[in-house]
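Subject: Structure for you to look at

Hello,

Here is the structure I said I would pass on. Please open it first and then read the notes below it.

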Amino acid sequence: MKIFEEIESEVQSYARSFPRVFNKAQGEFLYDDEGHQYLDFLAGAGTLNYGHNNPVFKEKLLEYIHDDGITHGLDLHTKAKGEFLETFNEKILKPRSLEYVMQFTGPTGTNAVEAALKLARNITGRENVISFTNGFHGVSLGSLATTGNSHHRGAAGVSLNGSSRMPYDGYLGDDIDTTAYLDKVLSDSSSGIDHPAAVIVETVQGEGGINVASFEWLRNLDTVCKKYGVLLIVDDIQAGCGRTGTYFSFEEVGITPDIVTLSKSLGGYGLPFAVVLIRPELDQWKPGEHNGTFRGNNFAFVTAKAAIDHYWSDDKFSNDVKRKGEYISTRLQAIVDKYGEGNFTTRGRGMFQGINCVNGEIAGKISRTAFKLGLMIETSGADDHVVKFLCPLIIRDENLKKGIDIVEAAVKEVCAGEKTIPEEYDYFESDSSDLKAVSNGS
Ligand SMILES: *Cc1c(COP(=O)(O)O)cnc(C)c1O
């Protein structure tokens, strides 16, 4: 469709990797306007953990709309909000012995990060926030100051102040615990690093290339924070909501962050929704001090509650994510061993996995080749060198297998030159049945 070239801004990104017009989606599949089916291992960059148009949530949402439930209510108390809060407290917080109050911010992840940073600065009266190499926290200016990526930072147009970067776990090699460096600079009044209000960290860096922090490193980080009275913010926007196998990505680490940000899959249905969880004694906001028209999306309250009721009332779902995560990591390791040119590696936790192809061009080729075979999978990392597996957590086993089979075929073709797609195969002109044969396995 030419209209996108004509009047949609050049700022488009994912649309460039997957240049089709999509008009339907269900579960782990997307469909374009010509009826081609695509297996979705991108899943809204981690927003569709429960798949597209999850039928359980859809029913609740349709019912709510049909009954003229509140759509927009600023931050008014609504029944939908109350029920979401109750469910979140009973089924997520209490079973994990967590005590947080919840702040509803503007609807996207970066809105939650901005609020978290602002709160931490207000509480402590300090400006500096420690963030990490390859971290990603959003692209509005406050969040962007804590984001590593130079492509994003370069677009700011103003200096990005208020944050100091520290090396993430593994940044200096496996043998170096970088929290020792943080400890040292915080203990040294001449280190040049201002005493920070907070540390903001992802337990697994998504946009940064699926870099996994070890539990030990995270515990050490927590210890350093406590030692210097620095607040610990875990940005669980991408790693949370089950992606790593537990609801929060830090649950099994044995730390309790002071502040947590959630968004992406929180709404469950792909609806914009973001929150900040705050340790009760740190909830020092004055009424209306942080504001916004779209604070709390009532449709998302309905679907977020449905997601928790349906998937988080017991640990079945969590165990299933862990089981699939192990399958993914075993398969990826085998692919890397076989075709990985001796330098590919795998990385990840739960269903948050990646293949580090070292070279961005190769990773890009793998992604493009997979797309020809009906699989949508993106790359991430500083050089887009990591093929990033983010399939919906609800994916059926046979489709998970098929998706990884496609990646294997793509890696084989790109790295070993073993053609799996016929030379003359041009997906964009081919009959849709070719593609369906791949993604349906029929
Ligand atoms: C996506 C993401 C954000 C930003 O969320 P937006 O909705 O894009 O503003 C922040 N932090 C992490 C870890 C993310 O993955």
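A salt bridge here is a side-chain nitrogen of Lys or Arg within 4 Å of a carboxyl oxygen of Asp or Glu. The two partners are 12 residues apart and link distant parts of the chain: Asp32 is in strand S2 (residues 29–32), while Arg20 is in the loop between helix H2 (14–17) and strand S1 (22–26). Helices (H or I, at least four residues) and strands (E, at least two) are DSSP runs, numbered from the N terminus. In the whole structure, the search finds 26 salt bridges.

Some notes on the source. This is a predicted model, in which local features need pLDDT of at least 70 and side-chain atom pairs count only at pLDDT 80 or more, whereas totals for chains, interfaces and linings use all residues. Residues are numbered from 1 along each chain as its sequence is written, and side-chain values use heavy atoms, with hydrogens and water left out.

Next, the domains. The protein chain is divided into domain 1 (2–54 + 316–440) and domain 2 (58–311), with bounds that come from an automatic or database domain assignment. Their centres, taken over C-alpha atoms, are 27 Å apart. Domain 1 brings 33 residues to the contact and domain 2 brings 31 residues, where contact means heavy atoms within 4.5 Å.

The two domains bury about 2,700 Å² between them, 50% of it on carbon and sulfur atoms. Buried area is the accessible area (1.4 Å probe) that two parts lose on being put together, summed over both. Of the area that domain 1 buries against domain 2, Tyr50, Arg349 and Phe352 supply 32%, more than any other three residues.

Between domain 1 and domain 2 there are 2 salt bridges. Separately, the side chains of Glu207 and Lys388 meet in a salt bridge at 2.8 Å, N to O.

Last, the ligand. Which residues are around the ligand? Among them are Thr108, Thr110, Phe136, His137, Asp235, Gln238 and Lys264; the cut-off is a heavy atom within 4 Å. A ligand oxygen atom is 2.8 Å from a polar backbone atom of Thr110, and a ligand nitrogen atom is 3.3 Å from a polar backbone atom of Phe136. At Gln238, an N or O atom of the side chain is 2.7 Å from an oxygen atom of the ligand.

Regards

Key. A polar contact is a pair of N or O atoms within 3.5 Å; within protein, one must be able to donate a hydrogen and the other to accept it, and residues adjacent in sequence count only if both atoms are side-chain atoms.
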